[in-house]
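Here are some notes for a colleague who has not seen this structure before. Please read them with the structure open.

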Amino acid sequence: MQLFVTIDLCFVVFDMKNAVIGNNKQKANLIVLGAVPRLLYLLQQTSSSLELRTECAVVLGSLAMGTENNIKSLVDCHIIPALLQGLLCPDLIFIEACLRCLRTVFISPVTPVQLLYTDPTVIPHLMSLLSHSHRTQEYTTQIFSHCCKTPEHQTVLFNHGAIQNIAPLLISPSYKVRMQALKCFSVLAYENTQVSLTLVNVLVDGELLSQVFVRMMQRDQPIEMQLTSAKCLTYMCRAGAIRTDDGCIVLKTLPCLVRMCSKEHLLEERVEGAETLAFLMEPDVELQRIASTTDHLVAMLADYFKYPSSVSAIADIKRLDHDLKHAHELRQAAFKLYASLGSNDEDIRKKITETENMMDRIVSGLSESSIKVRLAAVRCLHSLSRSVQQLRTSFHDHAVWKPLMKLLQNAPDEVLVMASSTLCNLLLEFSPSKEPILESGVVELLCSLTQSESPALRVNGIWALMNMAFQADQKVRVEIVQCLGTEQLFRLLSDPDGNVLMKTLGLLRNLLSTRPHMDQIMSSHGKQIMQAVTLILEAEHSAEIKEQALCILANIADGNTAKELIMTNDDMLQKIKYYMGHSNVKLQLAATFCITNLIWNEDDGSQERQDKLKELGFVDMLHKLSQACDANLSDSAKTAMQQYLA
């Protein structure tokens, strides 16, 4: 009787399989009718025949190939633990069916990948399945590559022998196995030094892994394989395992990625090629120079903005429809690559801005509907804004500050960070954009950034204000002080982020850089400023931060009335004396400059100040410093001593 029931069930499940193949509506109907819990029940029954259990896994796999809602329903029914349990069965055909279904579930973006790592016995068991068949190799490596999303995932896979277990698969006779193994290595090596340093020493059938990757990049290999091999070598290079001047990078990987950017390739290949190339050369100016002269890359990227054109030779309507929907990805990739190319070299920046309609394209990109395109466009703008020449010419001619200011009004933090960083460069004193930006009422916006929870936004807000205050007129300085408020200014001076503190000191230094402005500010805020400087000099800060604090004191010492705040503060004078005897020459120089300003004999009351400082032992200290080994320090001390002789 049991045999007949099993046979009947097999026929029912077989009919289900035929009904749902390629039919999303039928798949949804079966799920709504409650078929999934029943199929999972049969799959887990060891009393069921292996044929029935296998057919259940096949049907579940077919249901998983439907919509994302199907996947959610399957996951909610706990399909993953059931399939993982099925992998313990000794029958290879059943294991392959469970793995194929697991693969389909895990490659969906709606499946929580953490479900693979919940049970610590799962990963080692999956590793053991790699030796069973080509199918287990293909499905398992595909699961690994889709479920490796974080450094923690990389570590788990690495610690369970992923490298030694997957490396031999790169020479498998099966293309699918080779390809999935390659993808696995690309996700394992991404921004992971430990994995990359291990990979560089791995031998596959007596050949170094890096050379296996180079072989897989040859032009006679499928494009997918060329691209993924290039990604593996790119990630190993960025992680420090391969030098940027190594032949496999300069002569193989870089040309391969440039080749992928040409218009003969599919849209997704061009996108992936450009983004990987941008990542490869981001920190290396020599690679940027080589890439900029390879296959007319700068001009080639201009085609990314014209695609698909009215004359695109795309016979496949589905492909054309796909490309129209994804054309923004090309623009995003082009902006990223231009940003990387132009991040250091002035000649490359010039070449980029002279490319047809480039500045107009960047300006348009800043207002695109896609947030990713806007971010890539502003990154490109930021890269180009490092050029004094471009700030004075292209940026001014195209009034890029206008769309940039608009972008700053309402954007996610990621875009705000890059846009405000670009604004910092536009506010440098030699930038023609500085004046119109000042007139646009930017101070309030920048002051609000200094109150952000993001350290990067606080840094950029205060940095922009610092640039704005440099050699600014009294009106601008007063507006900054009033808008920022002394309470916020002093809160920033105690910010836990060293960069914020450094830029705040820079702002304060610029606000106190001319006598009339400084005396006015110190008359109303002198006590708080002196207190803030004291705290910085007493705390455990870097030499750079303390140097900035001493430079502020030197500016105060140059004031007509402000200098009395130092002269009447014996504790501060002793601190200056201490730093004159410090082991760091820069701190000694800054402290000595304070004294020079205090005793400058052309200023009113200089004699009284000279006498007081002489009593406190400053002359002896200056005499000692005049014999210092450092020429600048020695000259500075001699200049101060001359004030006593005049």
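Predicted model: local features only at pLDDT ≥ 70, side-chain atom pairs only at ≥ 80, totals over all residues.

1. Cys101 counts as buried because its relative accessibility is 1%, under the 20% cut-off. A disulfide needs two cysteine sulfur atoms within 2.5 Å, and by that rule the count comes to zero disulfides. For Cys101, the nearest cysteine sulfur belongs to Cys98 and is 7.5 Å away, so Cys101 is in no disulfide.

2. Cys148 counts as buried, with a relative accessibility of 8%.

3. Helices 7 and 9. How do the axes of helix 7 and helix 9 run relative to each other? Helix 7 covers residues 92-106 and helix 9 covers residues 134-147; their axes come within 9 Å and cross at roughly 25°. Because angles under 35 degrees count as roughly parallel, the two helices are described as roughly parallel to each other. The crossing of helix 7 and helix 9 is left-handed.

4. The contact between them. On the side of helix 7, the contact is made by Leu92, Ile95, Glu96, Leu99, Arg100, Leu102, Arg103 and Phe106. Helix 9 contributes Arg135, Thr136, Glu138, Tyr139, Thr140, Gln142, Ile143, His146 and Cys147. When reading such a list, recall that an α-helix has 3.6 residues a turn, so residues three or four places apart point the same way.

5. Helix 27. This helix has 14 residues, 413-426, and spans 20 Å from its first C-alpha to its last, close to the 20 Å expected at 1.5 Å a residue. Helix 27 is mostly covered, with eleven of its 14 residues buried. The buried residues include Val415, Leu416 and Met418, and also the run from Ala419 through Ser420, Ser421, Thr422, Leu423, Cys424 and Asn425 to Leu426.

6. Gln548. Gln548 is buried, because its relative accessible area is 15%. Leaving aside residues up to four places away in sequence, Gln548 touches Met502, Leu505, Gly506 and Arg509.

7. Ala456. This residue lies in helix 30, residues 455-469. Ala456 has a relative accessible area of 34% and is therefore partly exposed. Ala456 and Asn499 are 43 residues apart along the chain, and their C-alpha atoms are separated by 8.8 Å.

Methods. Residues numbered from 1 in each chain as written. Heavy atoms only, no water. Buried < 20%, exposed > 50% of the residue type's maximum accessible area, 1.4 Å probe, protein only. Helix = DSSP H or I, 4+ residues; strand = E, 2+ residues; numbered from the N terminus. Expected span 1.5 Å × (residues − 1). Axes fitted to C-alpha atoms, helices over the stretch in contact; angles between N-to-C directions. Parallel < 35°, antiparallel > 145°, perpendicular 65-115°, else oblique. Left-handed = near helix turned anticlockwise from the far one by under 90°. Contact = heavy atoms within 4.5 Å.
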